[in-house]
Amino acid sequence: MLEIKDLHATVDGKEILRGLSLSIKAGEVHAIMGPNGSGKSTLSYVLAGRDGYAVTKGEVLYRGKNLLAMEPEVRAAEGVFLAFQYPVEIPGVSNTTFLKHALNAVRKHRGESELDAMQFVKLLRETMKKLGMSEEMLKRAVNVGFSGGEKKRNEVLQMALLKPAFAVLDETDSGLDIDALKVVSDGVNSLRAPDRAMLVITHYQRLLDYIVPDHVHVLAKGRIVRSGDKSLALELEKSGYAAFAKEAA
Amino acid sequence: MAVAATPSAGGAYLERYADARRRLAAGSAPWLEGWRRAGAEAFRGAGFPTIKNEGWRFTPLYGLVEGDFSVDAPAAPFDQSRIKGVTFGREAGNRLVFVNGRLRGDLSSLKQLSPGIELLSFAEALASRPRLVEAALGTAPGLAGHPFAALNAAFAADGYVLHLAPGARSEAPIEILWIGSGADKPPVYHPRNLVVAGNGAHATVIEHHVGLCIGAYFSDTVTEIALGEGAVLRHCKVQDESREAFHLALTGARLAAGAHYDSFVHSAGGRLSRNEIHVALEGRRAQCRLNGAYLGRGEQIVDHTTVIDHVSPETSSKELYKGVLDGRARGVFQGRITVRPNAQKTDGQQMNRALLLSDKAEIASKPELEISADDVKCSHGATAGELDDVSLFYLRSRGIPEAEARRLLVEAFLNEVIDSVALAGMRLTLERNIARWMAGPA
Ligand SMILES: Nc1ncnc2c1ncn2[C@@H]1O[C@H](COP(=O)(O)OP(=O)(O)O)[C@@H](O)[C@H]1O
Ligand SMILES: [Mg+2]
């Protein structure tokens with residue numbers, strides 16, 4: 001599904017990703033763990049196509065296509081989704097308007113009919129109910145005045161509506177209490193399917209009790225320095241990142 | 001290519017249209033003709049303002065001074081079906097339609113005027129209500145010494161007159177549609193409008209200025225408003241002139257105690273537009289709200305100038321103008337607030353925010369506070385910014401195409417001020433206008 005080969009990327013002229021390779025097959029969930037500043041968010045932004053993140057070497061194939069050549073909206077419409085570590089507040093745009101535009105844009109790209117207001121609201125209500133979200137969040141502007149937990153739930157809501165084939169979750173668990181963590185994990189788990197794949201970026205082993213990964217990778221200084229199964233996460237929890245940071249140097 | 005607009009340019013302009021003035025004079029009452037002549041003399045002395053004149057530094061009148069207009073230009077022929085697309089439909093039960101500044105009775109309709117409300121053209125009012133016109137004319141703040149008020153007086157022939165008896169309430173909004181339409185020569189017109197509201201009267205006036213032609217024209221409008229104690233006037237204006245038009249509008253409002261003037265201006269058309277509003281808060285607790293949403297692209301100059309005079313104690317003024325500028329457009333916002341020594345406990349708030357979509361677009365903001373009382377609350381602010389990259393990326397990362405994402409963000413920026421418009425149908429019209437504008441130049 002996703003093939004990252006020897007990826008190098010710079011931000012403001014500084015090389016952050018330094019030869020990252022990763023292969024994710026349909027149906028798999030991969031976890032990336034790593035210390036702060038190791039390049040986890042940089043990787044997720046490069047995959048989503050944010051300006052200012054320049055790829056200097058390597059390639060990323062998504063379902064066999066050159067992902068890096070696509071505009072961000074095309075990536076999204078093709079099924080790539082990034083749950084932001086820091087969801088963006090957009091004053092003046094209501095959350096409902098935002099979600100409807102997003103869903104209909106993606107549906108249009110897929111050759112599906114756009115939903116009218118009634119159909120959309122019905123789908124939205126059902127989805128929110130499943131995620132245990134209050135409808136009050138729909139009237140407010142996108143992420144404005146949302147608590148940290150509400151912002152993360154809103155990311156999961158977007159993911160549940162857009163039903164991506166490949167989702168990257170960038171520290172969606174950080175700052176969540178146990179209840180919120182369960183909601184987020186349920187949302188993610190309900191999307192698990194043989195034709196989908198996920199990349200779960202986290203700082204804590206805790207999340208991986210809820211979203212059990214098939215593979216765990218350790219990222220240090222812009223490179224994957226170790227890969228293993230879920231037991232690697234437990235090992236990291238005990239020993240910390242220090243040993244891996246040395247490996248990367 | 002700046003044309004030096006010296007006072008002699010005023011004289012030359014008057015000479016060019018001397019015939020039209022003679023035609024106006026024939027059959028006019030002596031007091032009216034005297035008033036027009038005084039206007040002409042004032043304009044002869046002042047001439048067109050130049051960028052050297054106070055208040056006109058950012059608003060050069062290129063193309064206007066040397067323009068060859070026609071005062072009595074025949075309009076291109078059109079009928080009711082042609083204006084359907086530019087009216088507000090059901091929300092307006094009463095509509096006056098002016099073509100090149102002259103009332104077109106055949107296109108107008110007056111159906112649901114409540115008791116105590118008179119709505120007629122300036123020309124009709126001169127015939128049937130001369131004393132009302134004579135008493136109201138030239139009394140609004142901001143007119144004295146203003147070159148375009150003087151020019152307007154010299155040629156004033158038509159306009160609308162709205163008279164509200166004390167306590168009268170217009171349930172349905174009153175719509176005034178202004179159509180600029182040139183056939184051979186670009187027209188010029190000088191409408192003079194009068195709104196006189198008795199104590200406790202309420203009315204809503206919607207004005208729509210459109211061009212049903214491609215070429216230039218010059219609209220030089222003066223609107224005089226006098227609100228009695230506790231009277232309320234909501235005044236909503238959509239300026240959607242043709243891309244070559246010159247739109248100069250001067251409004252002066254005088255408010256007695258407890259009166260409320262609520263103005264909203266949407267400026268989108270014209271190669272040069274200036275919407276200038278003067279408000280004198282003369283009575284205690286008089287209040288005004290002046291809001292605006294403007295759009296500019298290409299070489300457009302979009303000027304909003306406000307002058308608020310807090311004369312009495314406990315008066316309040318609130319201003320919020322928000323604009324989106326693309327291409328090489330220039331926005332101008334000048335806001336003066338004066339607080340007289342006696343006007344304690346006044347509240348004056350002023351804000352102009354501009355969103356610049358291109359690095360060639362510009363905004364000139366000039367706030368001026370002149371405060372002579374000590375117990376007052378006054379604030380002003382101006383911001384200029386670009387679309388937020390991070391917001392744009394967030395929207396696009398959800399599949400929303402870039403153009404649509406930009407439109408959502410521009411609408412979001414303007415929403416704050418569009419939401420202040422009370423009429424739902426008007427908000428829809430504005431939203432549609434903005435969406436159309438974002439879709440690109442026609
Ligand atoms: N916009 C930016 N400008 C400059 N440096 C940045 C920017 N974003 C990230 N960095 C730097 O890139 C490195 C990796 O950051 P990031 O990918 O956010 O790490 P992580 O998500 O693993 O904590 C850090 O050293 C950070 O300081
Ligand atoms: Mg991060």
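## The interface between the chains

In this predicted model, chain B and chain A bury an area of about 1,900 Å² between them, and carbon and sulfur atoms give 67% of that area. On the chain B side, the residues that lose the most area to chain A are Phe393(B), Tyr394(B) and Arg398(B), which together account for 42% of what that side buries. The contact as a whole draws 30 residues from chain A and 18 residues from chain B.

Charged side chains also take part, for the count between chain B and chain A is 3 salt bridges. A salt bridge joins the side chains of Glu71(A) and Arg396(B), with a distance of 2.5 Å from N to O.

## Two packed helices in chain A

Two packed helices are described by the angle between their axes and by the distance between those axes. In chain A, helix 4 (residues 117-131) packs with helix 6 (residues 148-162) at an angle of about 130°, and their axes lie 10 Å apart. Because of that angle, helix 4 of chain A is oblique to helix 6 of chain A, and helix 4 of chain A passes helix 6 of chain A in a right-handed crossing.

## Residues where the helices meet

From helix 4 of chain A, the residues that meet helix 6 of chain A are Leu123(A), Leu124(A), Thr127(A), Met128(A) and Leu131(A), while helix 6 of chain A contributes Arg153(A), Val156(A), Leu157(A), Ala160(A) and Leu161(A). The residues of this contact between helix 4 and helix 6 of chain A divide into 8 nonpolar, 1 polar and 1 charged.

How values were computed. Residues are numbered from 1 along each chain as its sequence is written. Chains are lettered from A and ligands numbered from 1 in the order in which they are written. This is a predicted model: local features need pLDDT of at least 70, side-chain atom pairs count only at pLDDT 80 or more; totals for chains, interfaces and linings use all residues. Side-chain values use heavy atoms; hydrogens and water are left out. Axes are lines fitted to C-alpha atoms, for helices over the stretch in contact, and angles run from 0 to 180 degrees between N-to-C directions. Helices (H or I, at least four residues) and strands (E, at least two) are DSSP runs, numbered from the N terminus. Angles under 35 degrees count as roughly parallel, over 145 as roughly antiparallel, 65 to 115 as roughly perpendicular and the rest as oblique. A crossing is left-handed if the near helix is turned anticlockwise from the far one by less than a right angle, and right-handed if clockwise. Contact means heavy atoms within 4.5 Å. Ala, Val, Leu, Ile, Met, Phe, Trp, Tyr, Cys and Pro count as nonpolar, Asp, Glu, Lys and Arg as charged, and the others, Gly among them, as polar. Buried area is the accessible area (1.4 Å probe) that two parts lose on being put together, summed over both. A salt bridge is a side-chain nitrogen of Lys or Arg within 4 Å of a carboxyl oxygen of Asp or Glu.
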